[in-house]
Amino acid sequence: MSFLKKLSPFYNLGIFYIVVSFILRIVLLFHPITQASFSTADALKIFSLGLVSDFFVFIIASSLLWLYLIFISNSKYYKPYGYILLGLFIGLLLYIASGKSILNEYGGALPMIGMIFIGIKTSLFALLLFLPRLRDKIRFWLYSFVVFLFVVVILQNAISEYFFWNEFGVKYNFIAVNYLVYTNEVIGNIMESYPVIPLFSGLFIIAGFVSFFIIQKSKVYVQDIPTFVEKLKISVIYFVLFALSLFAVPKLAQLENSQNTFTNELQANGMYRFYLAFVNSELDYFKFYKTLPEKEAYAILDKQIPGINGSSTLRDIKSAAAEMHKNVVLITIESYSANFMKAYGNDKNITPFLDKLATESMVFTNFYASGNRTVRGLEAVTLCLPPTAGESVVKRKDNKDKFTTGSVFKEKGYAVKYLYGGDAFFDNMEDFFLGNGYDVVDKKTFTPEEITFSNVWGVCDEDMANKAIKVMNAEAKTGKPFFNHWMTVSNHRPFTYPNDKIDIPGDAKSRDGGVKYTDYALNKFFTMAKKQAWFANTVFVIVADHCASSAGKTELPIDKYRIPAMIYSPGFIAPQRYTNLVSQIDLMPTVFGILNFNYHSKFFGQDVLKADYKPRALIATYQDLGMIRDNVLTILSPKQQVKQFQLTLIPKEGIEDAFQLYYDQKPLKTERKDLINETISYYQTASDILKKKRDQKN
């Protein structure tokens with residue numbers, strides 16, 4: 001019985017972790033974003049397999065606890081060992097402080113982190129060595145701190161999982177990994193979006209009470225330190241469980257195979273999902289997805305994209321009419337769902353300007369975003385290729401000298417710029433656009449006088465609108481046509497913007513407010529633009545980067561990918577509706593077609609106004625790759641899985657047919673092999689072209 005008490009730090013913290021995870025699953029189960037009903041079998045999977053998974057994940061995560069506890073002893077302070085060890089600590093500290101350690105080869109904050117860690121270890125070891133009478137008290141308080149730290153991490157992880165679910169409707173994925181890279185923006189976003197001080201005050205109070213209870217139940221470990229034999233027994237037990245956990249956790253993850261995606265998400269362990277996202281942010285299509293023989297894949301693609309030859313998308317685009325080198329302004333709007341607009345059924349009047357502009361533009365009523373992140377939207381309108389598995393090309397290492405919309409404009413003699421109100425370092429935008437020949441205008445180029453309001457994401461959209469007018473006026477004076485791509489920022493959590501601009505206060509932190517303020521800022525931009533000499537010779541392209549939310553009952557809920565898109569050029573493009581299915585990758589090739597551009601294209605995107613265009617839309621997450629065609633959604637997933645869903649319209653009263661948004665997605669009864677092969681063809685060839693660098697500019 002006394003030996004079992006020596007295991008008390010492990011099982012007390014383990015029980016606490018499992019209880020917290022159980023409560024979290026219940027909370028997420030009843031969260032408003034969890035739009036699904038669950039069978040008894042679903043509930044059993046969520047709470048039984050989820051519980052077992054939590055147990056094994058805790059075993060792996062407690063390796064640091066084992067490492068700390070196993071080295072607690074008195075013998076290491078006996079002469080001469082204590083002095084020798086202290087000398088080694090001091091030597092290691094001096095080695096790192098010299099600036100010539102291996103840590104300095106990696107650079108960044110790593111040398112400082114190493115200095116702090118070894119400095120603390122050296123100081124604590126010296127205290128325990130030179131103050132033997134206080135050793136037991138110091139060791140007890142150190143143990144108490146370690147327990148408190150574990151409790152805080154467990155609670156913090158639960159809170160983080162909750163807020164991530166609140167934002168995305170899933171457990172951690174590669175987005176959570178990316179957030180670790182951009183700590184300034186993400187921490188700033190959290191600070192401005194949530195009541196951080198009350199939240200963390202409550203967390204630390206609860207952690208204090210829980211820690212006190214666990215410490216009282218497990219302090220025997222430091223009061224009666226286990227003998228060498230007992231530590232050996234503890235280590236053997238731990239290593240056996242650790243090895244079993246390494247085998248069991250991936251196997252349990254394979255059982256997340258329900259038709260209900262929410263069941264799979266709730267069953268999953270968040271910490272293991274984070275690990276998977278960390279190691280698999282880029283997915284090899286040919287390793288994880290269903291494939292066709294290469295020649296067959298390209299032959300099928302040839303039937304989808306007229307004019308291509310061989311293993312590429314290279315083709316000549318010819319126009320019978322004369323080219324027109326009008327200015328082009330592409331505005332991608334942050335997190336802008338179709339259902340924000342009046343035409344799609346919104347009755348809150350949060351997009352009055354764009355509602356009006358749509359009646360004066362060529363509107364694509366059945367338009368789908370490629371993905372659910374800004375970098376996917378930027379990829380779609382810049383590279384015009386399907387959203388391949390893993391991370392967006394924008395954030396990959398091999399992201400430069402690509403064949404882009406910018407390179408087509410440059411070939412025609414245009415000045416090409418990317419405009420962004422924040423720091424373009426975020427999401428690797430600066431690296432991508434500079435590496436592809438764009439000039440970048442971001443927050444770093446603003447003078448203090450040009451900034452009236454900013455938050456963690458950058459200057460408000462009004463300030464960027466003013467800056468854009470200045471940039472375009474300067475470009476117009478050169479006599480060269482210009483292409484400017486402006487990415488908005490204000491419609492993003494925390495949704496703060498200047499007060500007294502719209503009827504929703506800027507400090508209300510409301511998504512509706514963020515949408516309406518961006519609409520207001522765009523109105524100001526166009527009001528100013530109409531007064532400029534270059535306006536009459538300019539084509540404006542307005543499109544969302546992605547929807548405000550991507551959570552749904554299925555892997556790819558298509559209403560969460562439907563976005564507004566329009567082309568506005570009064571006197572040049574007549575107001576009209578284009579109602580066929582369109583993918584985000586088709587927008588800029590269509591603009592090139594309207595301008596009668598002749599060019600060698602490598603785009604997967606097509607001019608949808610051509611008679612040979614075959615309507616389809618390509619939508620994806622970082623791992624589920626989908627194609628919509630013939631009212632069927634085909635989804636390719638890792639492990640060579642394929643799913644197909646019949647899309648049946650769910651009509652809403654008061655909405656015109658062209659703007660109906662919602663579809664029932666039910667598994668297809670009879671497999672459409674032709675659509676499966678077409679979907680594979682698009683994604684396999686896109687992955688192949690990227691892998692073999694056939695998408696380069698030259």
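This report walks through some salt bridges, ring contacts, a surface patch and a strand group in a predicted model.

## Ground rules

The model is predicted, so local features need pLDDT of at least 70 and side-chain atom pairs count only at pLDDT 80 or more, while totals for chains, interfaces and linings use all residues. Residues are numbered from 1 along each chain as its sequence is written, and side-chain values use heavy atoms, with hydrogens and water left out.

## Salt bridges

Let's start with charges. A salt bridge here is a side-chain nitrogen of Lys or Arg within 4 Å of a carboxyl oxygen of Asp or Glu. Searching the whole structure turns up 36 salt bridges. One of them joins Asp 136 to Arg 139, at 3.6 Å from N to O. Both residues belong to helix α8 (residues 135-168), where they are 3 residues apart, about one turn of the helix. Helices (H or I, at least four residues) and strands (E, at least two) are DSSP runs, numbered from the N terminus. For exposure, buried means under 20% relative accessible area, exposed means over 50%, and partly exposed is in between (1.4 Å probe, protein chains only). Asp 136 counts as exposed because its relative accessible area is 55%, whereas Arg 139 is buried, at 5%.

Other pairs reach across the sequence. Lys 417 bridges to Glu 475, with the closest N and O atoms 2.9 Å apart. This pair links distant parts of the chain: Lys 417 is in strand β5 (residues 415-420) and Glu 475 is in helix α22 (residues 461-477), 58 residues apart. Lys 417 is buried at 16% relative accessible area, and Glu 475 is buried at 5%. Glu 462 is buried, at 6% relative accessibility, while Lys 524 is partly exposed, at 32%. There is a network of salt bridges too, linking Glu 294, Asp 688, Lys 692 and Arg 694.

## Rings and charges over rings

Next, the aromatics. Rings of Phe, Tyr and Trp (its six-membered ring) pair if their centres lie within 6.5 Å; planes under 30 degrees apart count as stacked, over 60 as edge-to-face and the rest as tilted. That rule gives 53 aromatic pairs. Among them is the stacked pair of Tyr 285 and Tyr 289, 5.0 Å from centre to centre with 5° between the planes. Tyr 285 and Tyr 289 are both buried.

A charge sits over a ring if NZ of Lys or CZ of Arg is within 6 Å of the ring centre and within 35 degrees of the ring normal. Lys 326 does this with Phe 572, its charged end being 4.7 Å from the ring centre. Lys 652 lies over the face of Tyr 662, 5.5 Å from the ring centre.

## A nonpolar patch

Tyr 11, Ile 15, Val 19, Phe 22, Ile 23, Ile 26, Val 27 and Phe 30 make a nonpolar surface patch of about 750 Å². Patches are built from residues with over 30% relative accessible area and no salt bridge: like charges are joined within 9 Å, nonpolar side chains (Val, Leu, Ile, Met, Phe, Trp, Tyr) within 5 Å. The areas come from the Shrake-Rupley method with a 1.4 Å probe, and for residues only the protein chains shown count as cover. Val 19, in helix α2 (residues 8-29), is partly exposed at 42%.

Strand β16 (residues 625-629) is largely enclosed by the rest of the structure, because 5 of its 5 residues are buried. Leu 625, Met 627 and Arg 629 point one way, Gly 626 and Ile 628 the other way. In a regular strand, side chains alternate between the two faces of the sheet.

Strands pair if DSSP finds at least two bridges between them. Strand β15 (residues 617-620) pairs with β16 in the antiparallel sense over 4 bridges, with Ala 620 opposite Leu 625. These two strands form a hairpin with 4 residues between them. β16 is also joined to strand β17 (residues 632-637) by 5 bridges, again antiparallel, and here Leu 625 has Leu 636 as its bridge partner. The β16 and β17 hairpin has 2 residues between the strands, and Asp 630 takes a positive phi near 55° in it.
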